[in-house]
Amino acid sequence: MTEPNDAWRTLMGCVTPLPVEPCALDRCLYRFLAQPVLADRDIPAADRAAMDGYAVRADDVASAPTTLRVVGEVAAGSAARPALTCGQCVRIFTGANVPPDADAVVMVEDTTAPFDDAVTLLKPAQRGQHILRRGENARLDDVLLPQGAALDAVALAVCAAVGCVEPLVRARPRVAVITTGAELKQPEERVGVHEIRDSNGPMLVAAVAEHGFGPATCVSASDDFKELLLALRQALGTATVVLVTGGVSVGKYDLVPDVIREAGGTIRYHGVAMKPGKPQLFATAENGRTIFGLPGNPLSVLTGFHEFVLPALRSLAGCPETACRRVLRLPLLTGVTTKGRQLHFLPGRLVQTAGGTTAESIPNAGSADLVAGSKADGMILVPAGVSSLPAGAIVEFRPWRLL
Ligand code: AMP
Ligand code: MG
C-alpha cells in the first residue's frame with residue numbers, strides 16, 4: 001500500500017511536460033504558456049483620456065465656473081495632437097490621446113456648452129485628473145503572464161492586447177477512456193436487475209472535456225483478458241493518457257493490472273492508502289504513455305480523477321506542479337467523522353454563509369452513491385489519523401469544477 005504523498009511524488013516524477021508548439025490565439029483556450037508574455041510597449045502607450053469631456057490646462061481651471069475656447073477635438077483612434085494655450089481647451093473622448101499641452105480632463109457631465117466653440121467648466125480641475133498615464137498599467141517588457149500560466153479568457157485578452165498572436169504553448173495530452181465490467185450496458189440499452197448502465201464512461205469523458213482536455217475517446221470492455229488487452233493496445237496507439245475504470249482491484253475478475261503488464265506497461269503504484277479509491281493504479285508505457293486504473297465505483301473514479309489524473313493532465317500540458325492540483329481551504333459548516341486511519345475523501349458542497357464560504361459534508365452510502373455525488377461540489381479531505389473534525393475546523397477541499 002502506497003502513502004498518498006508517495007503516490008503523488010511517483011506520479012509527478014513520471015509525467016514530463018509535452019513538447020512546445022506555437023498555437024494560434026483562437027485555439028489556445030485552456031492551454032498553458034511555454035513562454036512568458038511581455039508588454040510590447042508601455043500600456044497605455046500614451047497619456048489617454050479616461051472620460052468624454054475636455055482636455056484642459058489645470059491652471060486655467062483653478063476656479064470655477066470658467067469658460068474656455070474650444071480649439072480642436074481628439075477622438076479615440078485619432079493621431080491628432082492639437083496645440084492649446086492659455087484660455088483654450090480641446091474636446092476629447094474616452095481612449096483618445098491627451099494633447100501634449102493639456103494636463104487634465106474635465107468630464108462632460110461637469111460642463112455646459114453655451115456655444116460650439118466655447119465651454120463652461122463648472123468645477124475646478126486638478127492636474128492629472130481623468131488621465132491614464134502612459135505606462136501606468138505596465139512598462140515595455142514587463143512580464144504580464146508568466147510561463148506556465150493557464151490561457152483563460154482574460155489571459156487570452158492580454159495576449160491579444162500585446163500582439164502575441166501565436167504564443168508558445170505545450171501540446172495537450174490526448175485521453176482515451178476504457179470502462180470495464182461484464183455488468184455494464186450502454187446508457188441507451190435495456191438493463192436486467194443484474195446489470196448497470198455505464199456511468200463512468202460519460203462522466204470521465206465529460207470531466208476531461210470540462211477541464212480543457214477533450215475530446216476523449218471511450219469504449220467499454222467486458223472482464224475478458226483478450227478483449228481488455230485489445231482495448232488497451234488500441235487506446236495506447238492513439239492516446240497519451242489512458243483511463244481504465246473497474247477491474248483494478250484484487251478479485252478474480254480484476255484483470256486490469258495483468259492486462260497492463262501484458263501490454264508492456266510498468267506499474268508504478270497499485271493501492272493507495274485512501275478511502276474511497278484504495279485500488280488506484282498508475283503505470284507508464286512506451287513513448288511516454290501513461291495509464292491510470294481507477295476502481296469502478298463512481299465516487300472512487302471521481303476521487304482518483306481529481307487527486308491524480310487531472311493533475312497529471314495539467315502537468316503534461318505545462319502547468320507548474322504547485323498549481324496542477326487545485327485546493328481550497330475552508331471551514332466546515334458541520335462536524336464530520338470517519339472510520340479508520342487513512343486519508344478520507346467526503347463528498348461535500350460549498351455553502352455560502354454570512355461569514356463566507358464553508359464546506360458541508362453530504363450524507364452518502366459509500367463510493368457507489370452517485371446520487372449523493374451529484375449533490376457535491378468536490379471532496380472534503382480528512383487527513384490520515386484524524387477521525388473527527390468539529391464545525392469550524394479548516395479543511396482542504398478539492399473542487400470538481402473550474403474555479
Ligand atoms: P470493480 O472496480 O470492477 O470491482 O467495480 C466496483 C463497482 O463499480 C462495481 O459495483 C461495479 O459494478 C461498479 N462499476 C464498475 N464500472 C462501472 C461503470 N462504468 N459505471 C458505473 N459503475 C461501475
Ligand atoms: Mg469490475
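Predicted model: local features only at pLDDT ≥ 70, side-chain atom pairs only at ≥ 80, totals over all residues.
**Ligand 1**

I started with what sits around ligand 1. I found 15 residues surrounding it, and the closest are Glu183, Asp198, Asn200, Gly247 and Gly296. Sorting the shell by class gave me three nonpolar, eight polar and four charged residues.

Next I looked up backbone contacts. Glycine 296 has a backbone N or O atom 2.9 Å from an oxygen atom of ligand 1. On the nitrogen side, a polar backbone atom of serine 199 is 3.2 Å from a nitrogen atom of the ligand. For asparagine 200, I noted a backbone N or O atom 3.3 Å from a ligand nitrogen atom.

**Helix H4**

I moved on to H4, residues 225-238, for a length check. Its 14 residues should span 20 Å at 1.5 Å a residue, and the end C-alpha atoms are 20 Å apart, so the two agree.

Which residues of H4 are buried? My list reads Leu228, Leu229, Ala231, Leu232, Ala235 and Leu236. Looking down the axis of H4, I get these buried residues within an arc of 165°, so they line one face of the helix. On the face turned away from the buried side, I noted the exposed residues Lys226, Leu230, Gln234 and Gly237.

**Cis peptide bonds**

I looked at omega next. Isoleucine 43 and proline 44 are joined by a cis peptide bond, with omega about -10°. Proline 44 is in the loop between strand S2 (37-38) and strand S3 (48-49). The bond from lysine 275 to proline 276 is cis as well, with omega near -5°. I placed proline 276 in the loop between strand S19 (274-275) and strand S20 (281-284).

**Positive phi**

Aspartate 141 has a positive phi of about 75°, and it lies in the loop between strand S10 (131-132) and strand S11 (143-145). I logged aspartate 141 as partly exposed because its relative accessibility is 49%, and the exposed class needs over 50%.

Asparagine 287 also has a positive phi, about 60°. Its loop runs between S20 and strand S21 (290-294). With a relative accessible area of 66%, asparagine 287 goes down as exposed.

Note on methods
Residues numbered from 1 in each chain as written. Chains lettered and ligands numbered in written order. Heavy atoms only, no water. Near = heavy atom within 4 Å. Polar contact = N/O pair within 3.5 Å; in protein donor to acceptor, adjacent residues only side chain to side chain. Nonpolar A, V, L, I, M, F, W, Y, C, P; charged D, E, K, R; others polar. Helix = DSSP H or I, 4+ residues; strand = E, 2+ residues; numbered from the N terminus. Expected span 1.5 Å × (residues − 1). Buried < 20%, exposed > 50% of the residue type's maximum accessible area, 1.4 Å probe, protein only. Arc of directions from axis to C-beta.
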